[in-house]
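Trainee: I have a model to go through with you. Could we take it piece by piece?

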Amino acid sequence: MERIIISHLFLFLLGCNTYHDAELTWHETDSSSQFVIKHGIPVYGKATVDYKRNDGTALKIKLEEPVVVSAAEKTEKWGYYQFPNIARRPDNLLVATWSMAEDAITSYGKGGNGFKVSSDGGKTWNTAGPGAIYGGLVLPNGDRIAIYTPPALKVTEIQLPKPVGFNEEAYGRRFGYYRLDELPENLQGVYINRITRGETKWTKEHAALVDSHAIRYTDSGMFPVVWWGDMKTVSDNSVVAGIYPAFYENENGKVDPSGVSFYRSTDNGHTWKIQGRIPYQPDLTADPKGDKRLALGFTEPGFDILQDGTFLCVMRTTDGYGNSPMYISSSKNQGITWTRPKPFTAAGVLPRLLQLKNGVTVLASGRPGVQLRFSTDGKGEKWTDPFEMLPFEKEQEEVSCGYTELLETGPDRFLLIYSDFKFLNKENEIRKAIKVRKVIVTPQTNTL
């Protein structure tokens with residue numbers, strides 16, 4: 001086993017080497033450069049890291065060798081072998097899924113996923129049919145629910161009310177805005193998949209959405225019914241969902257760039273009422289492109305409830321203007337009001353949050369590359385330097401889609417699933433692949 005002492009001053013010496021079964025010592029970097037995209041801790045292969053802060057070891061992180069779940073047999077275009085997910089079935093088999101469809105509005109609600117299962121905790125993966133149920137949120141009454149996105153409709157085939165306004169987002173898509181309560185009934189509300197306790201099949205439901213200011217949108221001639229985000233059960237057994245895109249009509253009758261809206265259900269997901277919002281508020285010092293976002297502001301929120309009851313939310317801003325910060329906000333009153341969002345990274349898409357039973361909060365994100373960060377302050381206010389899962393050379397280099405998912409497997413450990421666009425197969429050909437990695441994290445001192 002190699003013993004390697006690393007500091008950010010000597011990181012360039014490492015290049016893109018992979019250290020197998022290595023012990024690394026990492027001294028935390030100066031946070032004043034947090035909005036500059038740079039390499040973090042290079043842990044591409046099996047490694048154990050002593051993470052030091054203030055001359056003491058704060059965390060010990062053990063990362064197992066990445067396991068290939070599936071690799072493409074040919075060169076694949078954008079959307080394929082991407083956007084992975086991982087979940088546990090009731091029979092304890094693990095399920096890995098990933099997209100096998102174009103990343104386009106025309107793919108909504110039409111399936112197109114790869115699928116494999118593992119019976120040994122993620123060490124090996126086998127092809128199998130979907131079989132038993134998996135995914136979703138298990139409610140206190142035993143039901144299991146998951147957000148469903150139906151196929152988008154052509155604008156020319158539906159009767160729409162007068163629009164509230166129009167805007168163009170950073171990738172050039174034109175959005176039209178419509179008041180939720182003026183839309184046809186099938187375009188109101190939200191769609192939920194449910195498995196009733198004791199049943200074994202998903203059924204689709206059209207749930208009510210109570211929000212007098214909510215706005216739905218058209219996108220380049222299509223009308224999607226989009227309600228994406230994390231759902232969590234709170235202490236009174238109600239359910240809170242942190243959702244995007246969250247368009248709403250402000251007090252001046254205008255539609256601001258999207259933020260994140262939080263909805264609460266007290267009837268097991270049949271009705272959702274507005275609980276609170278995180279409005280789009282860019283920090284132009286750390287995020288100088290922030291005022292250029294006219295449609296999509298905060299997107300892809302990662303939402304978790306910490307052990308002290310604090311709601312924590314991390315949001316993406318990276319868009320067609322290039323890499324931009326992730327923002328973080330918290331709530332002490334179950335999502336009714338939120339702190340002003342604060343930028344705290346240089347880039348990142350689809351942040352995923354998970355607080356382990358040992359108190360460590362894990363943050364996964366990507367683009368460029370794939371990163372893990374950790375916090376043990378119980379608040380998500382201070383984070384470690386990023387741990388790099390994949391090497392990258394340029395800010396815009398596509399070595400992964402950057403989308404990840406986390407699955408807790410013990411009080412101090414979890415699995416991370418992600419895509420690798422530079423995987424070399426047995427024929428030494430570059431192919432897209434889906435990988436899973438086991439990580440164990442142990443706090444050593446209270447210096448975090």
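Trainee: How many salt bridges does the count come to?
Mentor: First, a caution: this is a predicted model. A pair counts as a salt bridge when a side-chain nitrogen of Lys or Arg lies within 4 Å of a carboxyl oxygen of Asp or Glu. By this rule the count comes to 26.

Trainee: Which residue forms a salt bridge with D219, and where do the two sit?
Mentor: D219 belongs to strand β18, residues 214–219. Its partner is in the loop between β14 (165–168) and β15 (174–179), 46 residues apart from D219 in the chain. The closest N and O atoms are 2.7 Å apart, and the partner is R173.

Trainee: Is D219 buried or exposed?
Mentor: Buried means under 20% relative accessible area. D219 has 4% relative accessibility. R173, at 27%, counts as partly exposed. D219 is under the cut-off, so D219 counts as buried.

Trainee: What is the N to O distance between R179 and E182?
Mentor: Both residues are partly exposed: R179 has a relative accessible area of 29%, and E182 has 38%. Their side chains meet in a salt bridge. The N to O distance is 3.5 Å.

Trainee: Which residue meets R413 in a salt bridge?
Mentor: R413 is partly exposed, with a relative accessible area of 26%. Its side chain comes to 2.8 Å, N to O, in the bridge. The partner is D412.

Trainee: Which residues are linked with K62 in a network of salt bridges?
Mentor: Here the link goes beyond a pair, to a network that includes K62.

Trainee: What are the edge strands of the open sheet of 5 strands?
Mentor: The order is β3-β31-β30-β29-β28, with mixed pairing. An edge strand pairs on one side only. The edges are β3 (41–42) and β28 (349–355).

Trainee: Which residue stands opposite L372 in β31?
Mentor: Strand β30 covers residues 370–375 and strand β31 covers residues 387–388. The two run antiparallel and are joined by 2 bridges. Opposite L372 stands F387.

Trainee: Which strands join to β23, and in what directions do they run?
Mentor: Strands of a sheet pair through backbone hydrogen bonds, either parallel or antiparallel. β23 (residues 271–278) has 3 bridges to β17, residues 203–210. It also has 5 bridges to β22, residues 259–265. The β17 pairing is parallel, and the β22 pairing is antiparallel.

Trainee: Which residues of β23 partner A208 and R264?
Mentor: The bridge partner of A208 in β23 is T271. R264 stands opposite another residue of β23, K273.

Trainee: Which residue in the turn between β22 and β23 has a positive phi?
Mentor: β22 and β23 form a hairpin. There are 5 residues between the strands. The phi in question is about 65°, and the residue is N268.

Trainee: Which strand gives the most to the lining of the second largest pocket?
Mentor: This pocket holds about 730 Å³ of space. Of its 40 lining residues, the closest to the centre are Q34, F344, T345, R373 and W383. β26 (327–331), β27 (342–343) and β30 each supply at least two lining residues. With 3 residues, the strand that gives the most is β26.

Trainee: What lines the largest cavity?
Mentor: The structure holds 1 cavity of 30 Å³ or more, with about 130 Å³ of space. β18, β21 (239–248) and β22 each supply at least two residues of the lining. Its residues divide into 12 nonpolar, 1 polar and 1 charged. There are 14 in total, and nearest the centre lie I215, R216, W227, P245 and Y263.

Trainee: Which residues is S70 in contact with, leaving aside neighbours within four places in sequence?
Mentor: S70 is found in strand β6, residues 67–71. Its relative accessible area is 9%, so S70 is buried. The contacts are Y81, W98, K116, A433 and I434.

Notes
Residues are numbered from 1 along each chain as its sequence is written. This is a predicted model: local features need pLDDT of at least 70, side-chain atom pairs count only at pLDDT 80 or more; totals for chains, interfaces and linings use all residues. Side-chain values use heavy atoms; hydrogens and water are left out. Helices (H or I, at least four residues) and strands (E, at least two) are DSSP runs, numbered from the N terminus. Buried means under 20% relative accessible area, exposed over 50%, partly exposed in between (1.4 Å probe, protein chains only). Two strands pair if DSSP finds at least two bridges between them. On a 1 Å grid over the protein atoms alone, a cavity is a set of points where a 1.4 Å probe fits but cannot get out, and a pocket is an open set with protein on both sides within 12 Å along at least five of seven lines; lining residues have an atom within 4 Å of a point. Grid points are joined across faces, edges and corners, and a volume is the space filled by probe spheres set on the points. Contact means heavy atoms within 4.5 Å. Ala, Val, Leu, Ile, Met, Phe, Trp, Tyr, Cys and Pro count as nonpolar, Asp, Glu, Lys and Arg as charged, and the others, Gly among them, as polar.
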